[in-house]
Amino acid sequence: MTQIKPKRVLPGFRLTLGFALTYLTVMILIPLLGLFAKTFTMGWHAFYLTATSARVLASLRLSFGTAVIAAAVNAAFGVLIAWVLVRYKFPGKRIIDALVDIPFALPTAVAGIALTQMYAPHGWIGKWLAPLGIKVAFTPLGIIIALVFTGLPFVVRTVQPVLASVDPELEEAAATLGSNRWRTFWRILVPEILPALLTGFALAFARGAGEYGSVVFISGNLPFRTEIAPLLIITKLDQYDYTGATALAVIMLAISFSILLFINFYQHGRAAAFRHAGS
Amino acid sequence: MLTVIPIHLGNIHKKFGTFVASENVSLDIRAGELLALLGPSGSGKTTLLRVIAGLETQDSGSVFFGEEDMTNIGPKNRQVGFVFQHYALFKHMNVLQNVAFGLQVRKKKLGLSNTQIRERVLELLDLVQLGGLEKRLPSQLSGGQRQRVALARALAVEPKVLLLDEPFGALDAKVRRELRRWLRLFHQQMAITTVFVTHDQDEAMEIADRIVIMNHGRIEQIGTPEEIYKHPASDFVAEFIGNGGPVPGPAPVYLDAIPKIKEYEVEA
Amino acid sequence: MSQVLFAETPTKLLTQEFGRVVHRDPLWARILLIGTASLFVVLLVLVPVAFVFVEALSKGFSVFWQAINHPDAVAAFKLTALTSTIAVALNLLFGLAAAWAITKFSFRGKSFLVTLIDLPFSVSPVISGLVFVLLFGAQGWFGVWLQQHDIKIIFAWPSILLATIFVTFPFIARELMPVMEALGHEEEEAAVTLGASGWQIFWRVTLPNIRWALFYAVILCSARAIGEFGAVSVVSGHIRGETNTAPLHVELLYNEYATAAAFSIAAILALFALASLVLKAMAERWITTDLYSDFIFRSKT
């Protein structure tokens, strides 16, 4: 019995995979490798010094801290917005739906300067908040608001399709069994959308931590107070402190990669149930 | 025009992971016959069909079209006409473009002009009784019509072998009965080695020259419908064919004309 | 993110479009929820966008017009257009190749490859720029070699292109993969049995089936490429009139307190963003129609 080599039925495997892998390696992997290589050349001591410097730690705390809060706000309101868009009809619904996508399409610099001007003490919204003693521009609060803006679509768009595809029969069954709406929501719907919600939260968080353009204007960039990590990287680069910039970058990447891995494992496990095998 | 060739399968073995789809299956298909691969789901009949087409590569074993060894010839060059279970019509092309596809992609090699291709396609469409529908899109056709487009498309390139994967599976009962009788008559006119896969024993018994009954990747019995009905080789065959089924053999046939197919418009 | 829209099978997509409203929740609840959600979205999103246009015209139309026609502005627009177009084109080629390889074949390491493709999403834009400085900057790996050959990458448009490619890398592949997965490959198999070559199959069979998804992906990718700021900020050198893309030019003007001018440029960018959303919505409708008819197609008797 001679074994026959399996042949692929559809053509183009080697060409497409080869091109894709080459492009991926050249454009993404090699640059990233360069980053990690630089880390090795600097030695553990230099890395440790940078990583534990007060200014770096402050920037990391700020970036990731504000990102968490903003992602949480987006999680709460995101579910609300997704619910309203999926379940109800109302005038202007199409507009609201379209608005949700804007933060994703709008250049971050545009959002950045707009938000700064608006929340500045004499701005459209700022002037209402000033007498209340609420300062937004040049404070962490401003950063959070900017991150809520950029992260809005993440939760909404992740939760929307899941919410829409929840089997109506689940809710009908619950109703016939005497469950009130609130209980139905918590015990039946929330578990259904929880994975998507977590994914959306994680995406918004990852995006927010690394966000630059929408945040750098409103934050004011005071070291130790409102200096976000990405800006600190740029500052270090301007001072030719390549080592410091690289170290900080690697730390940020390590945190973001872990989040990405988490998301992918999670989605993979769920999607595997729906996916068919390739040829 | 169409050459009639026999097919030889020698010890075809195919596994998907741990699932054995074909277990050392050997089969000789006579030139020009209408052969049914009959069996329950998972019996390996579709796998065998796809191996003949080259859409699956067997782990070991040989496929011969006549004297030609097909081992190193891929599906593109085997010159098989394959009709898929769900027709696989090209959604964004109309009927004419669908049927012409095989000719269009080999236009230069075959030395055909667009006009010639168009003529041939229209002839074929008349043959399968879809004349006048060439501008329609697949989404505008009924199931039975789509099936015949798929058939015309497969035949347009004058294949050596015609393979049909559960061709009537997606149609409702009435249309199925009409079309399978029509296929038998069509086959008699066309004289091309044809293999079709089905799980419907009535279908196989009614139109096939010979039936190959498969189960768990193995051949249980090969024979004419009468042989199988009268002398089932095993309990499985006897149960599968069932008693009280229709008397085997083709329905009465008028050889000079292919009867018109009544259109049963089945809308989703 | 709309790309997650297609993470589910066609069935789920359909239910989303054609799903029914189950319960009539009490009116007061509905008003409260709709009101809160709408207020939130309007305040958060609509107001800032409106603000951009108001500020742009705050000193009168002629100031606006002058600002966007200023040579530096025009140069910035041109640079943005150039780098975005090339970046999207290259990522398009990649996206098509990767989507084909991944959805039509099975091979070891496929899901690892998909994860790799997603990498740029988890990299902060500033870091995306940093990596190229480390490669091509004066102190970078190739820094000396580039200087010797008088090739400028950092602080010149090639690095802007590279950074933009990096940041928008996954977009097209990620959009195409679920759609191509959902469409299956039976039509392609049929084309093979009919004697078509690889290119013929791709051009005549696959491409027409994915054209709207492709359109959608290109729009998404372009919008992101045009708006890219962080990565480009690191590599460009901010040389006015030369290595400033439109977003960078906005920053430059804003930092010089030429607020109306800054917002004028910003308004043009915002217009593009809004236009891309309109196109995106159109494409979405057509994709749903395509997938829907494909679904019905296969189950219709």
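In strand β2 of chain B, B:Leu27 is the bridge partner of B:Leu9. Strands here are DSSP runs of E with at least two residues, helices are runs of H or I with at least four residues, and both are numbered from the N terminus; two strands pair if DSSP finds at least two bridges between them. This is a predicted model, in which local features need pLDDT of at least 70 and side-chain atom pairs count only at pLDDT 80 or more, while totals for chains, interfaces and linings use all residues. Residues are numbered from 1 along each chain as its sequence is written, and chains are lettered from A and ligands numbered from 1 in the order in which they are written.

How many residues of α1(B) are buried? Nine of the nine are, so the helix is largely enclosed by the rest of the structure. Buried means that 20 or more other C-beta atoms lie within 10 Å of a residue's own; with 12 or fewer a residue is exposed, and in between it is partly exposed, the C-beta atoms being placed from the backbone. The buried set includes B:Leu48, B:Leu49, B:Val51 and B:Ile52, along with B:Lys45 and B:Arg50. Just past the end of α1(B) comes B:Gly54, with a positive phi of about 90 degrees.

Chain B also has an open sheet of six strands, in the order β6-β7-β8-β3-β9-β10 and with mixed pairing. Its edge strands, β6 (80-83) and β10 (218-223) of chain B, each pair on one side only. From one strand to the next, the twist averages 15 degrees. At one end, β6(B) runs parallel to β7 (residues 161-165) of chain B, with four bridges between them; there B:Val80 is opposite B:Val161 in β7(B). Helix α5 (residues 143-156) of chain B packs on this sheet and touches β6 and β7 of chain B, its direction making about 170 degrees with that of β6(B).

How far can chain B be trusted? Its pLDDT, the predictor's confidence in each residue from 0 to 100, averages 85, and 90% of the residues score at least 70. The exception to watch is residues 252-268 of chain B, where pLDDT stays under 50 and the model has 20 contacts beyond four places in sequence. A contact here means that the C-beta atoms of two residues, placed from the backbone, lie within 7 Å. Where pLDDT is low, the predicted coordinates should not be read in detail.

Chain A is built from eleven helices and zero strands. Its radius of gyration is 23 Å, whereas a compact globule of 279 residues would have one near 19 Å; the radius is taken over C-alpha atoms, and the globule rule is 2.2 Å times the number of residues to the power 0.38. Along the principal axes, the C-alpha atoms of chain A fill a box of roughly 70 × 60 × 30 Å. Buried residues make up 44% of the 279 in chain A. Of the contacts in chain A between residues at least 6 apart in sequence, 79% link residues at least 24 apart.

One spot in chain A is A:Gly123, in the loop between α4 (108-119) and α5 (126-129) of chain A. A:Gly123 is partly exposed, with 19 other C-beta atoms within 10 Å.

Finally, chain C meets chain A through 91 residues from chain C and 89 residues from chain A. On the chain C side, helix α2 (residues 27-56) of chain C gives the largest share, 16 residues.

Technical notes
Axes fitted to C-alpha atoms, helices over the stretch in contact; angles between N-to-C directions.
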